[in-house]
Amino acid sequence: FDSNVKGLSAANFGLDQGGEVAQVSQVSIKCPDAYSYRETSSYLEFYTNGAITETLGISKDIAPITTANAISIVGNVMYRGTGASTEQIGVIDSFYDGSTGKSLRINYLQTFRNSNFDGSVGATSVDGWTILNQRIKLDGTNILGGFATPADPTSATIGGGYETPFFSFSSFTTQLSATTPSGSGTSILMDSNLGGVANTPSGIGGVLHGPAIISNTSVSFNVGDSVSFKWQAVGGADAYDVFAYLLNIDSGQTEIMLNQTGANASISTGWVTATHNIAVAGKYKFVFVSGSWDATAGQAAGARLFVDDLSINSSVPLSFGNQDLSLIKNKVSYTSTATSDNASISINGISVTSAAAPRNATSIAANLETAINAKISSGEIKNISVQRNAGILTIQSTVAGTPFNLSGASTNYVDNLINISEITSNSLGQTLVKGINNAT
């Protein structure tokens, strides 16, 4: 110590080092798009130069994502999340699938999953639909699809009773049936058998609805669009009373597509085509409800409803907005077996070169990651770790305060971009001088 400094006595001094910070840097690789896209009134298409060595792929998901506006692809079907559910907005073309130089085409979807009720005869679960084997009150008091059911406008004065307040026996079943308009394939059959159905009002047989089905996904409609389907009602223990409507998944607003009541138990319709024109634009699910009217007032009821061949006729084709396009483009990938690339970088003066990879950022970065890890494993490069996310490598010091140097990043193709950026600077922290007064 300096004895000439006033107030400073003999002391024992030491240095305390602390607060070291590990260096973090990133190496990002970006390849220019080797493909373009075009949009028509009926599809979105990504295309390359058409060489058979080129492939366009699209990343897929395990299940549809319900997050609002999220784009997900399951199988060949594209979905857009609505927040609570999803709507099907596109399907990958079976021929233009991006393979061997072909374009990757996404057709705008004007229908939704299993609109024809395909499956095995007798199956009691139906792909794309939720089955409700229970009573459904069409008087605004039941909740179906998250919203109150519409009220059946049919009344006792125009042929039919009202929703009965109680009944003593019910059997509701839903299954796929071989009874179809074409004589092949399957339709959906909703069947009921009911007893002790209270007259409503007094002296007039009551109505009891159920079972019902509701589509799992929604479809976007514009005013002037239309939906059609084929249906057949068959009297059973008494007359049929069948109903179908569209359910707006955002507002709960409904549009009635079908409301028919038979005169007695012996009346059947045969196959009939129903067409409904959309009155209010929106995203809709489809609801079909079977039911029966106790026409004899004998307190027994039951009937059958068959539905098949649901189709959508859109006057204004679906198109993808800018947000949709951006999300879809992020799912598309390009590879070519005719062109490959590798990357090189120097880490602390040690040169690292990746094996050749398909000319896309993810593949090149993956091979460079492998090459760096090989140098780490051999001991040539020490005290760093590397992690990859798509085309970005994050390199970090494993010993805080120990720096490393990255330089000379390059790829074989000059139009590919490879950049080094420092995320967190290396720091040795603070050096503190400590002393004990009057110590020697």
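This is a predicted model: local features need pLDDT of at least 70, side-chain atom pairs count only at pLDDT 80 or more; totals for chains, interfaces and linings use all residues.
Helix α2 comprises 18 residues, spanning positions 361–378. The distance from its first C-alpha to its last is 26 Å, close to the 26 Å expected at 1.5 Å a residue. Residues A361, I364, A365, L368, E369, A371 and I372 of α2 are buried. Viewed down the helix axis, these buried residues fall within an arc of 165°, and they therefore line one face of α2. Just after the helix, G379 adopts a positive phi of about 90°.

A search of the whole structure identifies 10 aromatic pairs. Among them, Y37 and F46 form a tilted pair, with 5.9 Å centre to centre and 45° between the planes. Y37 is partly exposed, at a relative accessible area of 35%, whereas F46 is buried, at 1%. F221 and F286 form an edge-to-face pair, with 6.1 Å centre to centre and 75° between the planes. This pair links distant parts of the chain, since F221 belongs to strand β16 (residues 219–221) and F286 to strand β21 (residues 282–293), 65 residues apart. F221 is buried, with 2% relative accessibility, and F286 is likewise buried, with 0%. Ring pairs also join F117, W129, F229 and F288 into a cluster.

Charged side chains are also placed over aromatic rings. R38 lies over the face of Y47, 4.0 Å from the ring centre, and K102 lies over the face of F95, 4.3 Å from the ring centre.

How values were computed:
Residues are numbered from 1 along each chain as its sequence is written. Side-chain values use heavy atoms; hydrogens and water are left out. Helices (H or I, at least four residues) and strands (E, at least two) are DSSP runs, numbered from the N terminus. The expected span of a helix is 1.5 Å times one less than its number of residues. Buried means under 20% relative accessible area, exposed over 50%, partly exposed in between (1.4 Å probe, protein chains only). The arc is that of the directions from the helix axis to the C-beta atoms. Rings of Phe, Tyr and Trp (its six-membered ring) pair if their centres lie within 6.5 Å; planes under 30 degrees apart count as stacked, over 60 as edge-to-face and the rest as tilted. A charge sits over a ring if NZ of Lys or CZ of Arg is within 6 Å of the ring centre and within 35 degrees of the ring normal.
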